[in-house]
Amino acid sequence: MKIDHIALQVSDIYEACEWYRDHFNANIVYFDQSWALLEFDNIKMALILPNQHQNHLAVEVNLK
């Protein structure tokens, strides 16, 4: 099992993407008006709107 991503609620997707890109050199993998996916060296982070999703932690499970 490993952490796939964390998701954080933000009030403005575009503004939050810019902030994480400028301050942490995050790579913006996906972006639209309702959510975004950022990639860092060691984890992915989803930026979500409060009326769309809850804050969460997503794990990847190997079911072999």
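**Sheet, core and aromatic pairs**

Analyst: This is a predicted model. Phe40 touches Tyr20, Phe24, Ala26 and Met45, leaving aside residues up to four places away in sequence.

User: Which element gives the most to the largest nonpolar core?

Analyst: The largest nonpolar core has twelve residues, among them Tyr20, Ala26, Phe40 and Met45. The elements that give two or more residues to this core are α1 (13–24), β3 (35–39) and β4 (44–48). With four residues, the element that gives the most to this core is α1.

User: Do β1 and β4 run parallel or antiparallel, given the bridges that join them?

Analyst: Strands of a sheet pair through backbone hydrogen bonds, in either a parallel or an antiparallel sense. Leu8 stands opposite Leu47 in β4. Five bridges join β1 (residues 2–9) to β4, and these two strands run parallel.

User: How many residues lie between β2 and β3 in their hairpin?

Analyst: β2 and β3 run antiparallel and are joined by four bridges. Tyr30 stands opposite Leu37 in β3. In the hairpin that β2 and β3 form, the number of residues between them is three.

User: Is the aromatic pair of Tyr14 and Phe31 stacked or edge-to-face?

Analyst: The count of aromatic pairs comes to seven. In the pair of Tyr14 and Phe31, the ring centres are 6.1 Å apart and the planes stand at 65°. Planes over 60 degrees apart count as edge-to-face, so the pair is edge-to-face.

User: Why does this pair tie together parts that are apart in sequence, and by how many residues are they apart?

Analyst: Tyr14 lies in helix α1, whereas Phe31 lies in strand β2. The pair therefore ties together parts whose separation in sequence is 17 residues.

User: Is Phe31 exposed or partly exposed?

Analyst: The relative accessibility of Phe31 is 34%. Buried means under 20% and exposed means over 50%. Phe31 therefore counts as partly exposed.

User: Which residues do ring pairs link into a cluster?

Analyst: Phe40 touches both Tyr20 and Phe24. Ring pairs link these residues and one further ring into a cluster, whose members are Trp19, Tyr20, Phe24 and Phe40.

User: What distance separates the C-alpha atoms of Lys2 and Asn62?

Analyst: Lys2 has its place in strand β1 and, at 49% relative accessibility, counts as partly exposed. Lys2 touches Ala58, Val59 and Glu60, not counting residues up to four places away in sequence. Lys2 and Asn62 are 60 residues apart along the chain, and their C-alpha atoms are separated by 8.8 Å.

Note on methods: Residues are numbered from 1 along each chain as its sequence is written. This is a predicted model: local features need pLDDT of at least 70, side-chain atom pairs count only at pLDDT 80 or more; totals for chains, interfaces and linings use all residues. Side-chain values use heavy atoms; hydrogens and water are left out. A nonpolar core is a set of buried Ala, Val, Leu, Ile, Met, Phe, Trp, Tyr and Cys residues joined through side-chain atoms within 4.5 Å. Buried means under 20% relative accessible area, exposed over 50%, partly exposed in between (1.4 Å probe, protein chains only). Contact means heavy atoms within 4.5 Å. Two strands pair if DSSP finds at least two bridges between them. Rings of Phe, Tyr and Trp (its six-membered ring) pair if their centres lie within 6.5 Å; planes under 30 degrees apart count as stacked, over 60 as edge-to-face and the rest as tilted.
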